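Here is a short report on one protein model. Keep the sequence and the 3D view open while you read.

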Amino acid sequence: MMSELPHDLVRTLLAVCDEGTFDAAAGVLHVTPSAVSQRVKALEQRTGRVLVTRTKPVRPTASGQVVVRYARQLARLEGDARAALGMDDAGEHARLSVAVNADSLATWFLPALATLAHDARLCFDLRREDEAHTAELLREGEVMAAVTSSPDAVAGCSVRRLGSMSYLPVAAPEFAARWLTGDTVERLLPRAPLICFDRRDEFQDVFVRELTGASGENNGNGGNGGSERNGGNGTSDGSGGSGASALRHRIPSSEGFADAVTAGLGWGLVPRSQAEPRLRSGALVGIAPGRILRVPLYWQQWRLDSPALAAVSEAVAAAAARSLE
């Protein structure tokens with residue numbers, strides 16, 4: 001049972017996983033590397049499972065992830081209890097780790113955290129990751145909460161729908177005049193240069209398959225807008241005629257992505273909140289009128305009676321209600 005796991009052993013495992021090596025964990029805990037190794041072995045004996053891989057960096061096994069998640073939750077609850085009892089040391093604060101996709105981070109998410117800026121005891125540790133992969137960070141115990149595209153709750157977490165993020169297919173006027181005139185967009189777009197986030201970004205390919213009616217497992221509502229704009233299933237190399245062009249520029253930044261499209265490097269799917277001001281100014285033009293791709297987003301968080309985590313959850317939900325559809 002988790003209640004039978006000594007807290008010093010659990011915290012040692014967390015330090016090892018966070019620091020990446022036994023030696024580094026020893027430095028943080030102010031003990032010898034031998035003591036760290038003995039504690040981890042003792043914890044493994046108590047659980048009857050291997051909890052970490054002895055590699056560099058050290059990685060928790062599936063069983064280790066359970067203990068790491070417990071350790072983080074224990075630390076959060078202890079911090080909340082100390083705060084409620086007025087036992088916090090001067091300058092001590094609550095550090096909340098959250099995973100969020102890059103497009104949310106660049107548009108609506110930071111204003112949510114700004115509403116909590118008056119509370120000097122709160123400190124945020126944000127992990128930028130594609131919304132299709134943020135749930136994995138929850139499972140691994142790396143973060144306490146996440147913006148995710150999955151409505152299926154991770155074990156030990158609650159889930160609530162935030163709304164949908166909309167993306168518009170756009171390009172610079174000069175680019176559209178050069179690459180997207182003289183025939184239908186369905187024929188021209190698969191050959192036009194495009195902007196993508198990185199090698200895993202398939203969102204533009206998904207859009208082209210939907211636009212042209214080409215075969216593909218994804219219906220166009222797949223994920224976009226994280227550190228990897230990931231459209232889901234299908235090829236990402238633009239080969240064959242079922243995806244977008246192989247002529248693509250990789251821009252691993254939400255703001256840089258929109259700027260690259262505006263500069264005329266290629267076409268791309270840009271969040272509505274970033275695209276609309278540029279459409280109104282004439283810096284961008286729509287290339288497939290009436291086409292909007294919507295990505296549902298959800299908030300998942302640990303099921304903890306934590307005032308700090310609850311405050312963040314409410315602030316995120318309120319910001320999403322103002323900005324998402």
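## An exposed histidine

His30 is exposed, because its relative accessible area is 73%. His30 sits in the loop between α2 (22–29) and α3 (33–47). Helices (H or I, at least four residues) and strands (E, at least two) are DSSP runs, numbered from the N terminus. His30 is not a glycine, yet it has a positive phi of about 60°.

The model is predicted, so local features need pLDDT of at least 70 and side-chain atom pairs count only at pLDDT 80 or more, while totals for chains, interfaces and linings use all residues. Residues are numbered from 1 along each chain as its sequence is written, and side-chain values use heavy atoms, with hydrogens and water left out.

## A cis bond in a loop

Look next at Pro57. Its place is in the loop between β1 (52–53) and β2 (59–60). The peptide bond that joins Lys56 and Pro57 is cis, with omega about -5°.

## Strand β6 and its partners

Strand β6 covers residues 157–171. It is mostly covered, with 11 of its 15 residues buried. Which strands pair with β6? β11 is one partner: the two run antiparallel and are joined by 10 bridges. Strands pair if DSSP finds at least two bridges between them. In β11, Arg294 stands opposite Ser166.

Strand β9 (residues 268–271) also runs antiparallel to β6, through 4 bridges. There, Tyr167 stands opposite Pro271. β10 pairs with β6 in the antiparallel sense too, over 2 bridges. Gly286 in β10 is the bridge partner of Val170.

Ile287 lies in the loop between β10 (285–286) and β11 (293–302). Is Ile287 buried or exposed? Ile287 counts as buried, because its relative accessibility is 8%.

Leave out residues up to four places away in sequence, and Ile287 touches Pro169, Val170, Ala171, Leu180, Val185, Leu189 and Trp267. Contact means heavy atoms within 4.5 Å. Take Val185: it is 102 residues from Ile287 in sequence, but the two are 7.4 Å apart in space, C-alpha to C-alpha.

## The nonpolar cores

A nonpolar core is a set of buried Ala, Val, Leu, Ile, Met, Phe, Trp, Tyr and Cys residues joined through side-chain atoms within 4.5 Å. The largest has 58 residues. Which of them touch the most other members? They are Trp108, Phe109, Leu162, Leu189, Trp267 and Trp299. Helix α13 (residues 307–323) gives the most to this core, with 7 residues. Apart from it lies another core, of 22 residues, among them Leu13, Val36, Val40 and Ala71.

Helix α13 has 17 residues. It reaches 24 Å from its first C-alpha to its last, close to the 24 Å expected at 1.5 Å a residue. The expected span is 1.5 Å times one less than the number of residues. Its buried residues include Ala308, Leu309, Val312, Val316, Ala319 and Ala320. An α-helix has 3.6 residues a turn, so residues three or four places apart point the same way.

## Aromatic rings

The structure holds 5 aromatic pairs. Rings of Phe, Tyr and Trp (its six-membered ring) pair if their centres lie within 6.5 Å; planes under 30 degrees apart count as stacked, over 60 as edge-to-face and the rest as tilted. The Trp108 and Phe109 rings have centres 5.6 Å apart and planes at 80°, so this pair is edge-to-face. Both residues are buried.

Phe109 also pairs with Trp299, and this pair is tilted: 6.5 Å centre to centre, with 35° between the planes. Phe109 is in helix α6 (residues 109–114) and Trp299 is in strand β11, so the pair ties together parts that are 190 residues apart in sequence. Trp299 counts as buried, because its relative accessibility is 1%. Trp108, Phe109 and Trp299 form one aromatic cluster.

## Cysteines

How many disulfides does a search of the whole structure find? It finds 0. A disulfide is a pair of cysteine sulfur atoms within 2.5 Å. Cys157 counts as buried, at 0% relative accessibility, whereas Cys123 is partly exposed, with a relative accessible area of 23%.

Technical notes:
Buried means under 20% relative accessible area, exposed over 50%, partly exposed in between (1.4 Å probe, protein chains only).
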